[in-house]
Amino acid sequence: IDLTARWLNTSTQEAVDGEPVDWTTLIPDNLQLHNPQDALPEAKPRYATDDVKTLPVLSFTQPGETVGEVTLDNRVFGVEIRSDIVHRVVQWQLANRRTKQYRTKTISEVSGGGRKPWAQKHTGRART
């Protein structure tokens with residue numbers, strides 16, 4: 001099918017002349033995906049699946065005494081640390097902590113007027 005000679009209506013998937021278009025014949029065989037799952041790379045887990053992390057729970061009343069253990073979920077605590085994201089979050093928090101001290105001057109705070117106060121010559125005064 002020569003696509004340059006025909007206009008295609010993509011909403012009805014028919015050519016303008018009303019003839020249905022077989023879309024599978026328009027894509028060359030070397031570009032077609034016969035099984036869409038073949039195109040996906042093998043997914044590797046972004047967290048450690050083998051390690052189980054446990055932390056001791058310490059007592060507030062008796063310093064140094066262990067009360068129990070907490071098992072941490074690897075989907076949350078086993079992920080690689082993204083230092084670029086941590087940096088952006090820290091910068092965002094520090095920027096929001098600062099007080100906003102900037103503002104535009106009002107008309108009474110701006111020095112000078114909008115017009116020359118007197119003529120430059122023939123007044124006997126200095127230039128301004």
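Helices (H or I, at least four residues) and strands (E, at least two) are taken here as DSSP runs, numbered from the N terminus. On that basis the secondary structure of the protein chain comes to two helices and four strands, which follow one another along the sequence in the pattern β-β-β-β-α-α. The model is a predicted one, in which local features need pLDDT of at least 70 and side-chain atom pairs count only at pLDDT 80 or more, while totals for chains, interfaces and linings use all residues. Residues are numbered from 1 along each chain as its sequence is written, and side-chain values use heavy atoms, with hydrogens and water left out.

**Chain as a whole**

Accessible areas come from the Shrake-Rupley method with a 1.4 Å probe, and for residues only the protein chains shown count as cover. The accessible surface of the protein chain comes to about 12,600 Å², and 55% of this surface belongs to carbon and sulfur atoms. Buried residues make up 5% of the 128 residues in the protein chain, where buried means under 20% relative accessible area, exposed over 50%, and partly exposed in between (1.4 Å probe, protein chains only). With contact meaning heavy atoms within 4.5 Å, 21% of the contacts between residues at least 6 apart in sequence join residues that are at least 24 apart.

**Strand β4**

Gly68 is placed in strand β4, which covers residues 66-72, and counts as partly exposed because its relative accessibility is 25%. When neighbours within four places in sequence are left aside, Gly68 is in contact with Leu55, Pro56 and Val57. The C-alpha atoms of Gly68 and Leu55, which lie 13 residues apart along the chain, are separated by 8.6 Å.

Val90 is found in helix α2, residues 83-97, and at 37% relative accessibility Val90 counts as partly exposed. Together with Ile81, Val86 and Leu94, Val90 forms a nonpolar patch on the surface, with about 360 Å² of accessible area for the four together. Patches are made of residues with over 30% relative accessible area and no salt bridge, like charges being joined within 9 Å and nonpolar side chains (Val, Leu, Ile, Met, Phe, Trp, Tyr) within 5 Å.

**Charged pairs**

A salt bridge is a side-chain nitrogen of Lys or Arg within 4 Å of a carboxyl oxygen of Asp or Glu, and a search of the whole structure finds two of them.

| Salt bridge | N to O distance |
|---|---|
| Asp84 and Arg82 | 2.9 Å |
| Glu109 and Arg103 | 3.0 Å |

Asp84 is partly exposed, with a relative accessible area of 40%, and Arg82 also counts as partly exposed, at 48%. In the other pair, Glu109 counts as partly exposed at 34% relative accessibility, whereas Arg103, at 61%, counts as exposed.

The structure holds zero aromatic pairs, a pair being rings of Phe, Tyr and Trp (its six-membered ring) whose centres lie within 6.5 Å, with planes under 30 degrees apart counted as stacked, over 60 as edge-to-face and the rest as tilted. Arg125, however, lies over the face of Trp118, at 3.8 Å from the ring centre; a charge sits over a ring if NZ of Lys or CZ of Arg is within 6 Å of the ring centre and within 35 degrees of the ring normal. His122, found in the segment after α2, has a positive phi of about 70 degrees although it is not a glycine. Most residues other than glycine have a negative phi. His122 counts as exposed, at 84% relative accessibility.
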